[in-house]
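Subject: Structure handover

Hello,

Here is the structure I promised to pass on. Please open it first, then read my notes below.

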Amino acid sequence: MGNNTTLTEQEFQQIQEQEAITWNIEDPVKRTEKERREKARYPLLAKQMGLIGRYACIDTSDMLIWDIGAGPCGGVSSILPCKERLCIDPNMDAYSKYYNVSGYIGTKAEDLKESLSKPDLIISTNCIDHFHEPKQFLQDLVQYMKYGAFFCHFHAIDNAYQHKHPAHKHNLNEEIVGSILGEKFECVWGMNYKDDGLTYGWLKERSFCGLYRKIC
Ligand SMILES: C[S@@+](CC[C@H](N)C(=O)[O-])C[C@H]1O[C@@H](n2cnc3c(N)ncnc32)[C@H](O)[C@@H]1O
């Protein structure tokens with residue numbers, strides 16, 4: 001994947017511990033500030049992914065939505081109308097120290113396999129490049145998602161190269177996502193840094209996002 005990083009299970013767990021530290025801030029004032037900052041970004045992310053606003057491509061109100069790699073604050077799915085919603089994050093138990101994780105399951109994305117055929121919409125923001133095996137997850141979407149279901153994502157470009165952090169071991173970019181989703185998905189919406197100046201957060205990380213529909 002980009003730099004072809006392969007992580008052992010032990011290395012992945014160590015990264016997850018580092019990730020939990022960034023959210024489980026002991027000081028309640030600083031923790032609230034972090035939570036507000038993260039949640040405040042959801043509407044713009046949803047708009048940029050083609051889920052809400054003038055250029056919304058789909059109506060999510062009757063959909064089963066899975067927010068995979070949701071983080072402890074509910075993820076972008078928490079602001080969308082839907083029939084039902086599930087958050088999936090292997091750090092669920094760690095997050096339960098300070099956050100409400102009802103409506104979560106603590107499973108790794110790469111272990112979902114056949115169950116990926118259930119949701120009508122899968123959302124993954126700023127997380128696939130944190131997964132143990134990002135490529136495997138993308139390949140599983142190709143193999144298991146049902147016909148007509150949607151997948152959307154938002155990610156900084158090549159995080160491992162551009163933004164050094166213990167949790168940034170993998171690079172993700174348009175070429176990688178496009179080459180794996182390939183012929184089994186139609187890209188119905190997308191934005192990127194080169195054409196649209198798409199960035200993420202206060203650090204203005206160069207980013208790309210897309211909304212894809214499974215076509216076979
Ligand atoms: C940077 S946070 C992003 C949270 C949220 N999606 C957002 O945009 O604010 C990355 C999340 O991915 C989760 N994650 C890491 N590996 C994962 C895996 N294999 N499957 C699912 N989630 C994973 C982490 O626990 C963490 O909560």
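Which residue in strand 4 does Trp66 stand opposite? Trp66 stands opposite Ile122.

First, the ground rules. This is a predicted model, where local features need pLDDT of at least 70, side-chain atom pairs count only at pLDDT 80 or more, and totals for chains, interfaces and linings use all residues. Residues are numbered from 1 along each chain as its sequence is written.

**Overall build**

The protein has eight helices and eight strands. Both are DSSP runs, numbered from the N terminus: helices are H or I with at least four residues, strands are E with at least two. The radius of gyration, taken over C-alpha atoms, is 16 Å.

Of the 216 residues, 39% count as buried. Buried means that 20 or more other C-beta atoms lie within 10 Å of the residue's own; exposed means 12 or fewer; partly exposed is in between; C-beta atoms are placed from the backbone. Now contacts: two residues touch if their C-beta atoms, placed from the backbone, lie within 7 Å. Among contacts between residues at least 6 apart in sequence, 65% join residues at least 24 apart.

**Strand 1 and its partners**

Strand 1 covers residues 64-68, and four of its five residues are buried. Strand 1 pairs with strand 2 (residues 84-88) in the parallel sense, over five bridges. Two strands pair if DSSP finds at least two bridges between them. Asp67 has Cys87 of strand 2 as its bridge partner. Strand 1 also runs parallel to strand 4 (residues 121-125), with three bridges joining them.

**Helix 7**

Helix 7 spans residues 174-181, and its buried residues are Ile176, Val177 and Leu181. These cover an arc of only 110° around the axis, which puts them on the same side of helix 7. The arc is that of the directions from the helix axis to the C-beta atoms. On the other side, Glu175 and Ser179 are exposed. The buried residues pack against helix 5 (134-144), strand 6 (185-192) and strand 8 (205-214). Gly182 follows helix 7, with a positive phi near 35°.

**Two lysines to check**

Most residues other than glycine have a negative phi. Lys113 has a positive phi, near 40°. Lys113 sits in the loop between strand 3 (104-105) and strand 4. Lys204 also has a positive phi, about 50°. Lys204 lies in the loop between strand 7 (199-200) and strand 8. Are these lysines buried or exposed? Lys113 counts as exposed, because it has 12 C-beta neighbours inside 10 Å. Lys204 is exposed too, with 12 such neighbours.

**Around the ligand**

There are 21 residues around the ligand, and Gly69, Gly71, Asn91, Ala109 and Cys127 come nearest. A residue counts as near if its C-beta atom, placed from the backbone, lies within 6 Å. The shell has seven nonpolar, nine polar and five charged residues. Here Ala, Val, Leu, Ile, Met, Phe, Trp, Tyr, Cys and Pro count as nonpolar, Asp, Glu, Lys and Arg as charged, and the others, Gly among them, as polar.

Best wishes

Note on methods: The radius of gyration is taken over C-alpha atoms; the globule rule is 2.2 Å times the number of residues to the power 0.38.
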